[in-house]
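This report describes selected features of one protein model. The sequence and the structure are shown first, and the discussion follows.

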Amino acid sequence: MQKEQIQRLALKLTKAQKENYQIEPISSLYEDFTMENAYKVLAETHRLKEREGHKAVGRKIGFTNPAMWKKFGVVEPIWSNMYDSTVEYFEDESICNISNMSEARIEPEIIICFAQTPKIDSSLEELITCIDWIALGYEIVQCHYKGWNFKAVDAIADFALHAKLLVGKKIKIDEILNPIEKLKKFELELYCNDKLLEKGYGYNVLNSPLEAIRHLQKVLKSQEFAKAIEKGEIITTGTITDAFLLKEGDTYKSKISGIRLNDLTIKVLK
């Protein structure tokens with residue numbers, strides 16, 4: 001695709017996000033809309049965000065739960081930037097306003113903050129030494145294509161579906177015994193209005209949230225416009241359960257066991 005086409009698509013998606021409306025999937029309009037072009041659109045939307053004053057504070061990894069691949073027609077994880085305007089911190093309970101989101105869904109995720117830049121080919125043991133803290137949180141995703149009908153390239157261009165990240169209580173990595181094993185084997189129960197929706201496990205996320213980080217490193221290395229993970233950056237590693245559609249008035253709770261992280265509750269407003 002030509003540079004001018006990439007720029008027009010970035011403006012189109014940025015406008016759809018700002019004004020909260022949906023568009024036709026890009027892949028249905030352009031036969032040559034490849035993975036490479038989708039990430040070029042993402043890079044251009046990032047440039048537009050920064051020009052407007054938004055500061056990148058981390059990245060989200062999407063579709064790290066292979067159980068969701070068939071449902072949404074993807075075959076590998078994707079990523080996008082997150083910003084100071086889309087990341088919020090809380091302790092145990094919070095409110096999520098979805099009034100300016102398109103078909104918002106909730107995803108419980110492990111969030112990791114880096115104290116230093118990890119090597120591209122880090123082992124899990126080396127990766128752990130680079131981590132400052134981890135937390136349980138909720139990524140709120142949205143879709144600017146009606147009915148969540150898209151191809152992977154469409155999802156990438158649409159900010160990798162990122163809307164907001166709600167980060168729970170931070171726990172220093174050195175306060176967690178055997179973090180490699182526990183991040184793989186922990187169990188999470190997700191409830192809506194006290195009804196159990198699903199049980200998920202750490203290994204649902206590419207066998208471990210740490211493995212999701214390692215996958216992201218390899219992808220970033222292959223993209224000439226992408227930066228490596230930096231000191232102070234936060235990464236949300238992908239959903240532990242399915243992604244559930246949010247409705248006004250609902251209350252979501254997560255109960256986590258097998259690792260020292262806080263249970264979380266949010267109420268949905270509109």
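In this predicted model, Gly238 is found in strand β11, which covers residues 234-239. Is Gly238 buried or exposed? Its relative accessibility is 1%, under the 20% limit, and Gly238 therefore counts as buried. Leaving aside residues up to four places away in sequence, Gly238 touches Ile61, Thr64, Pro108, Glu109 and Val205. Lys55 stands 183 residues from Gly238 along the chain, and the C-alpha atoms of Gly238 and Lys55 are separated by 21 Å.

**Two residues with positive phi**

The backbone angle phi is the next topic. Trp148 has a phi near 55°, a positive value in a residue other than glycine. Trp148 is placed in the loop between β6 and α5, the latter being residues 152-157. With a relative accessibility of 6%, Trp148 counts as buried.

Asn193 also is not a glycine, and its phi is positive, at about 50°. The loop between β9 and β10 holds Asn193. Where Trp148 is buried, Asn193 counts as partly exposed, at 43% relative accessibility.

**Salt bridges**

Side chains of opposite charge can pair when their charged atoms come close. How many salt bridges does a search of the whole structure find? The search finds 14. Among them are the pairs listed here.

| Salt bridge | N to O distance |
|---|---|
| Lys172 and Asp132 | 2.5 Å |
| Arg260 and Glu175 | 3.1 Å |
| Asp194 and Lys253 | 3.5 Å |

The pair of Lys172 and Asp132 links distant parts of the chain, 40 residues apart. Lys172 belongs to strand β8 (residues 171-172), and Asp132 belongs to strand β6 (residues 131-141). Lys172 is partly exposed, with a relative accessible area of 38%. Asp132 likewise counts as partly exposed, with 22% relative accessibility.

Arg260 and Glu175 form another of these salt bridges. Arg260 lies in the loop between β13 (251-257) and β14 (264-269), while Glu175 lies in the loop between β8 and α6 (179-185), so the pair ties together parts that are 85 residues apart in sequence. The relative accessible area of Glu175 is 39%, and Glu175 is therefore partly exposed.

Asp194 is exposed, with a relative accessible area of 60%, whereas Lys253 counts as partly exposed, at 32%.

**Packing of two helices**

Two packed helices are described by the angle between their axes and the distance between the axes. Helix α1 comprises residues 3-19 and helix α2 comprises residues 35-51. The two helices pack at an angle of about 60°, and their axes are 8 Å apart. Angles from 65 to 115 degrees would count as roughly perpendicular and those under 35 degrees as roughly parallel; α1 and α2 are therefore oblique to each other. Their crossing is right-handed.

Which residues of α1 and α2 meet? On the side of α1 they are Ile6, Gln7, Leu9, Ala10, Leu11, Leu13, Thr14 and Gln17. On the side of α2 they are Asn37, Lys40, Val41, Glu44, Thr45, Leu48 and Lys49. By class, this contact has 7 nonpolar, 5 polar and 3 charged residues.

Methods: Residues numbered from 1 in each chain as written. Predicted model: local features only at pLDDT ≥ 70, side-chain atom pairs only at ≥ 80, totals over all residues. Heavy atoms only, no water. Axes fitted to C-alpha atoms, helices over the stretch in contact; angles between N-to-C directions. Helix = DSSP H or I, 4+ residues; strand = E, 2+ residues; numbered from the N terminus. Parallel < 35°, antiparallel > 145°, perpendicular 65-115°, else oblique. Left-handed = near helix turned anticlockwise from the far one by under 90°. Contact = heavy atoms within 4.5 Å. Nonpolar A, V, L, I, M, F, W, Y, C, P; charged D, E, K, R; others polar. Salt bridge = Lys/Arg side-chain N within 4 Å of Asp/Glu carboxyl O. Buried < 20%, exposed > 50% of the residue type's maximum accessible area, 1.4 Å probe, protein only.
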